[in-house]
Structure formats: C-alpha cells, structure tokens
Amino acid sequence: MYLSSSKKIRVLVAKPGLDGHDRGAKIVARALRDAGMEVIYTGLRQTPEMVVRAAVDEAVHVIGLSILSGAHNALFPRIMELLKEEGVDDVLVVGGGIIPEDDIPALKACGVAEIFGPGTPLQVIVDYITANVK
Amino acid sequence: MGDLTLSAEKLVKGVLQGNRRDLARLISLIEDEDPSADEALSSLYKHTGKSLIVGVTGPPGSGKSTLVTRITAEYRRREKTVGIICVDPSSPFTGGALLGDRIRMQEHSLDKDVYVRSMGTRGHLGGLSRHTSDAVRVVDAFGKDIIIVETVGAGQSEVEIIEVAHTVIVADVPGAGDDIQAIKAGIMEIADIFVVNKSDLAGADKKVTEINAMLDIDQNMGAWRPPVLLTNARTGEGIEELVDKIGEHHTYLTESGDFAERGLKRSKDELEQLMEYKLTLELLKKLRGTSEYEEAIQKISERKDDPYSVAERLIARFLTDQRE
C-alpha cells in the first residue's frame with residue numbers, strides 16, 4: 001500500500017473517423033488494462049481535434065488509434081499535425097486496424113511509431129508499448 | 001515517461017496561467033505520488049477555494065456520467081466554466097483500469113471552457129482515488145467556476161465524496177431496492193440532493209415517494225431538507241431544476257454558516273489524514289527491509305507474538321528515536 005511506485009502508463013484508445021466497429025479497440029483496451037495500464041477509451045467517431053484534446057487533458061503517454069474505414073491516410077497525419085501544434089512531442093502514437101502494407105511507410109514518416117494489423121498477438125502490443133513509452 | 005519530470009514549479013506557474021497541458025501533467029504528477037507533488041500543492045493552496053464543487057454518486061448504471069454531461073451543458077448555458085473529474089475503479093489484481101466516462105461526454109470534448117479528467121482508484125476505497133481531492137484543488141486553482149466530481153459506481157459505503165464536495169447529488173434509478181434499502185446507513189445519508197434518474201422507467205414515482213418517506217422520519221435533518229428530483233439525463237428533463245437546486249443549496253450553505261463550519265471540519269480532517277499518512281510513510285521507510293521487522297512479522301504469523309503489542313513497541317521506539 002505504501003512506498004510502492006504508483007506510476008502508471010496512461011493510454012488513450014481512440015476511434016477516429018466514421019466506422020462503427022470498435023470490437024478490436026475494446027479488446028486492445030482490455031489487454032492493456034490487464035497489463036496494468038490506465039486506459040481511457042474515447043468511444044466512436046472522434047475527430048482528430050477530439051483525439052488530441054483528450055490526449056492533452058488526460059496527460060496520456062500513449063495514443064492508440066484504431067481505424068477500419070480506410071481513412072487512415074487522412075486522419076493519422078492530421079492527428080500528428082495537431083499534436084505538433086499543441087507542442088506534444090513526448091507521446092507514443094501507435095495504430096491498428098485495416099491498414100494496407102503499402103500505406104505504412106508514409107504513416108511512419110509522419111510520426112506514427114508502429115502499426116499493428118489484424119492477427120497481432122495482444123502481448124506484442126503490450127510489450128511494444130512497455131518498451132517504447134517515452 | 002519523461003514528460004512528468006518537468007519541474008513542479010513550472011507546472012504550477014502554467015496552471016495559474018491557464019495552460020491545460022500543465023494542468024493535466026500536474027495532476028499526473030500528484031497521482032503518481034512524485035516527490036515534488038507536495039511542493040506544488042503547497043504553493044497552489046492559496047489560489048484555491050474559489051470553485052463550487054459538486055459531487056455525483058450512485059450505483060453503477062444509474063446514469064451518473066450522462067447526468068454530469070447534462071449538468072455541465074446547463075452550466076455552460078449559464079456561462080460558467082466547468083472542470084470534471086471522473087473516477088473509475090482500478091483492477092485489484094493488475095492495477096490497470098479502463099476509464100470510460102469520457103465516452104458520454106463527447107459534446108463537451110472541444111469546449112475550451114470544459115476540462116475533463118479520468119482517474120483510476122488505484123487501490124483506494126471509498127468511491128474516490130487517494131488523490132482526487134488534490135486533483136480537484138489543482139482544477140480549482142486553474143480557475144474553473146464549477147468542478148463536478150463523479151465517483152465510481154457506489155454501493156452503500158462509498159461516502160468519501162462528502163469530504164470533497166460542497167453539494168452531493170445521489171443518483172438512483174427506479175426499481176432498484178425496496179424501502180428498507182432507503183433507510184439503511186451510508187450513501188443514502190450523504191445526499192444534499194436526491195435524483196431519481198431514468199424517470200421514464202416504471203416505478204419512478206414510487207422511488208421518489210420511498211426516498212421522501214425516508215426523509216420524513218429523519219430525526220437529524222438540519223434546516224436543509226434534501227429535495228428529491230426526477231430527471232431523465234438522456235433527454236435532459238429535470239436538469240435545469242437540478243442545477244437551480246445546486247444553487248439553492250450553495251446559498252443555504254453560505255447563509256446558514258454551514259459553509260464555514262464544514263470548511264473548518266474539512267481542514268482538520270485533511271490535516272490529520274495527511275499527518276497520519278506522512279507519519280506512516282516515515283515509519284515504514286525505517287522498518288521495511290530490516291531483519292528485525294521481517295522477524296517480527298514471521299513471529300506474528302506463527303502466533304509467537306501478536307500484532308497489537310508489536311505495533312505498540314515499534315511505534316514507541318520510533319518516537320523515542322525521533323526525540324534523540
């Protein structure tokens with residue numbers, strides 16, 4: 001109870017864009033919770049502005065973006081841009097969902113650290129976050 | 001996690017200047033029990049005491065988050081700025097938490113005059129986290145007119161909210177529990193305002209009657225009789241009246257002198273809790289890891305010694321050591 005480090009990794013799990021499928025996001029949120037992290041789930045249909053505001057207000061260390069609609073090439077870079085505008089440079093941003101291999105290099109170039117496609121074992125995501133949180 | 005190593009002094013300055021990123025980071029510093037957190041709280045203290053703090057509690061699923069959203073919207077309509085702190089439970093096994101109250105608060109997510117912060121209980125019981133009251137204080141210094149604190153889904157004894165809020169709203173729903181539940185001790189005693197939410201469900205009027213019947217036989221009631229309001233947080237019905245009642249309660253507190261009295265009691269409780277915590281911390285810092293301490297624990301578990309006399313002995317020695 002006392003003297004234990006109570007530092008926690010805080011993660012925002014966000015669903016930008018208009019697809020209504022959040023089963024994957026919820027499963028990842030649950031896995032991160034079970035790994036001892038504090039997970040803030042935004043709910044569906046977030047604009048990039050809403051995602052960035054929530055990340056700032058909640059002082060998260062990690063943002064996990066889930067997207068299945070195909071709009072990642074527009075939404076991810078916009079979120080990265082807004083984070084930059086807010087001066088947020090110490091947050092790890094990762095993504096998941098239906099994202100074609102060919103799109104990944106461009107997303108990484110704009111600052112998304114890693115993309116986890118379908119079938120990624122949950123432990124891989126947990127380990128990645130634990131190792132790379134800034 | 002380098003963002004938290006910023007100096008507390010800089011964060012305090014940022015909070016007072018209205019920088020919400022610094023506000024968020026300072027709350028994290030406090031939650032993580034960073035050694036510099038106390039220093040920050042200490043320098044912020046004189047800037048606090050200006051916000052009206054409203055607590056919202058009630059069983060899981062009674063619509064607390066939606067109610068908070070609606071109350072916020074009504075305060076925004078009245079041109080008040082609002083801070084919201086929502087507490088959700090942390091897992092007792094992993095320490096992790098899924099904080100989901102924001103989901104219901106979308107409509108305020110881009111309003112710069114609303115700040116929303118989620119907190120996990122991190123092992124603390126009582127309906128709040130250990131540092132919720134500190135977080136409230138930081139938001140107070142940040143300059144929000146109203147601060148709404150939403151507790152975890154509360155059962156019967158999560159009553160810590162009374163130590164934090166000026167006005168406590170207990171939300172209940174139709175159909176849960178009978179009239180005996182209503183006269184049990186605990187959460188039903190702490191309400192300044194009762195809300196029967198989901199008023200479109202069958203049994204809403206009956207619930208209002210039951211709560212009123214409980215209030216009728218309350219011998220200890222002061223001059224403020226908690227009103228029992230029907231709301232439908234989904235449609236917004238009853239919310240305007242609820243916010244009016246919060247205002248009336250505030251006026252009552254100020255005029256009756258309860259405000260000053262509660263403030264004094266709160267200061268005393270807080271000082272004593274803080275001293276208890278710090279003393280325990282100092283004591284354990286000395287004891288933990290020493291072979292004598294481990295042996296004493298071993299002996300207690302083997303029934304060769306008992307925790308009562310060991311505790312007394314260790315504390316007595318700690319106090320003597322301090323004197324020297």
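Reader: How do you know that S1(A) and strand S2 (residues 38–41) of chain A pair?

Author: In this predicted model, 4 bridges join S1(A) to S2(A), and the two strands run parallel. One of the bridge partners is A:Tyr41 in S2(A), which belongs to A:Val13. Between S1(A) and S2(A) the chain passes through helix H1 (residues 23–34) of chain A, and this β-α-β crossover is right-handed.

Reader: In which sense do S1(A) and strand S3 (residues 62–67) of chain A pair?

Author: S1(A) and S3(A) pair in the parallel sense, over 4 bridges. There, A:Val62 of S3(A) stands opposite A:Val11.

Reader: Why is strand S1 (residues 10–14) of chain A described as largely enclosed?

Author: Of its 5 residues, 5 are buried, so S1(A) is largely enclosed by the rest of the structure. Side chains in a regular strand alternate between the two faces of the sheet. On one side of S1(A) lie A:Arg10, A:Leu12 and A:Ala14, on the other A:Val11 and A:Val13, and all are buried.

Reader: What makes B:Glu79 exposed?

Author: B:Glu79 has 8 other C-beta atoms within 10 Å. The limit for an exposed residue is 12 or fewer, and therefore B:Glu79 is exposed. B:Glu79 lies in the loop between helix H4 (64–77) and strand S2 (82–88) of chain B. Its phi is positive, about 60°, although B:Glu79 is not a glycine.

Methods. Residues are numbered from 1 along each chain as its sequence is written. Chains are lettered from A and ligands numbered from 1 in the order in which they are written. This is a predicted model: local features need pLDDT of at least 70, side-chain atom pairs count only at pLDDT 80 or more; totals for chains, interfaces and linings use all residues. A residue is buried if 20 or more other C-beta atoms lie within 10 Å of its own, exposed if 12 or fewer, and partly exposed in between; C-beta atoms are placed from the backbone. Two strands pair if DSSP finds at least two bridges between them. A crossover is right-handed if, with the strands pointing away from the viewer, the path from the first strand over the helix to the second runs clockwise.
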